[in-house]
Amino acid sequence: MIARIVVVPKPVVNDPQGVTVRQGLALLGFGEVTEVRVGKYIEVRLDATSERAARERVDAMCSRLLANHVIEDYHFELEHESKGAMR
Amino acid sequence: MKFGVVVFPGTWSDRDCGWVVDQVLGAHLQYLWHKDADLKGCDCIILPGGFAYGDYLRTGAIARFAPVMESIGEFADRGGLVWGICNGFQILCESGLLPGALIRNASLEYRCEWTNLVVERADLAFTSQCDEREVLRVPISHGEGSYFADPATLSRLEQNGQVVFRYCDVEGRVRPNSNPNGSLHNIAGIVNSRGNVLGMMPHPERCAEAELGGTDGLKLFRSVMHSAAQVLTA
């Protein structure tokens, strides 16, 4: 199974990277962009007996290591692995 | 008086801290390898600056799981002195020994420059040789030193007097333009509620000899030396 995990700075946390990227997009003519938040994308391949079990384990991974609850939120999707799945 | 200086792969200020401890201060120095859980009877543990484990994922995120960190947590619980400098502060926050987190500087720049710090607590083991409201001149060197905590944590820190150092101007005035990294409330260093775990972004080990442009950092090392005998470590 593959977990596709997205970690983003909490809304209350100042995100200077996001602000700078937004300014860059505005300079390139994407003036319609009102906000950018820059986070992380993490792929985790794991063995699991069920989707529920995988969800519990990935949740624990996120809260213990992959995200810092003080400054970051996370969400993830699980995908059953097909041939040559992980890029 | 024995100082332990922790070395992780990627630590870079261990030798600077070690130099101050044994060459300038004349105290006993013990380097502690991150895989070694034995603190070897040290009275004060320094977590120095650098990029432990490459700062992969987040600063300090991997370092906090090193065997030495479990011992340091127990040592801190017993009242032992733990002093995190720069990357060490980030590791202490990740490990939960101090509240909050250090995030990317507001400017997005790596800042390597002298700063002024006003001492808000001169009653700690780390600051006993300073005067309250004294201004120390100490350099910073970091890209991720912007202190963040949620509003409830921040007000608790303020109410309990856990803010030890704040970035200020030469006269000790805490101003937005004396804040080099966007830290909330200009916070440069905090202590735990018990007063035995200090985290600070500036580098006192880099200003402990006149040849380096200043000696204010030595006051903190001398404070620890002076106070260590009075702190009970079970």
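Residues are numbered from 1 along each chain as its sequence is written, with chains lettered from A and ligands numbered from 1 in the order in which they are written. Because the model is predicted, local features need pLDDT of at least 70 and side-chain atom pairs count only at pLDDT 80 or more, while totals for chains, interfaces and linings use all residues; side-chain values use heavy atoms, with hydrogens and water left out.

Helices (H or I, at least four residues) and strands (E, at least two) are DSSP runs, numbered from the N terminus.

Strand E1 (residues 2–7) of chain B runs parallel to E3(B), with 3 bridges, and Phe3(B) has Cys44(B) as its bridge partner. To get from E3(B) to E4(B), the chain passes through helix H2 (residues 67–77) of chain B, in a right-handed β-α-β crossover (with the strands pointing away from the viewer, the path from the first strand over the helix to the second runs clockwise).

The loop between E3 and H2 of chain B holds Phe51(B) and Asp55(B). Phe51(B) is partly exposed, with a relative accessible area of 32%. Asp55(B), by contrast, is buried at 12%, and has a positive phi of about 55° although it is not a glycine. Most residues other than glycine have a negative phi.

Next comes helix H4 (residues 151–159) of chain B, where Thr153(B), Leu154(B) and Leu157(B) are buried. Seen down the axis of H4(B), the buried residues fall within an arc of 100°, so they line one face of the helix; the arc is that of the directions from the helix axis to the C-beta atoms. Pro151(B), Ala152(B) and Gln159(B), on the other side of H4(B), are exposed.

Strand E10 (residues 187–191) of chain B has 5 of its 5 residues buried, so it is largely enclosed by the rest of the structure. Strand E9 (residues 163–168) of chain B pairs with E10(B) in the antiparallel sense over 3 bridges, and Arg166(B) has Ile187(B) as its bridge partner. In the loop between E9 and E10 of chain B sits Asn186(B), buried at 7% relative accessible area. Asn186(B) has a positive phi of about 60° although it is not a glycine.

Strand E11 (residues 197–200) of chain B is antiparallel to E10(B), again with 3 bridges, and Ile190(B) stands opposite Gly199(B). E10(B) and E11(B) form a hairpin with 5 residues between them, and Gly195(B) in the turn has a positive phi of about 90°.

Note on methods:
Two strands pair if DSSP finds at least two bridges between them. Buried means under 20% relative accessible area, exposed over 50%, partly exposed in between (1.4 Å probe, protein chains only).
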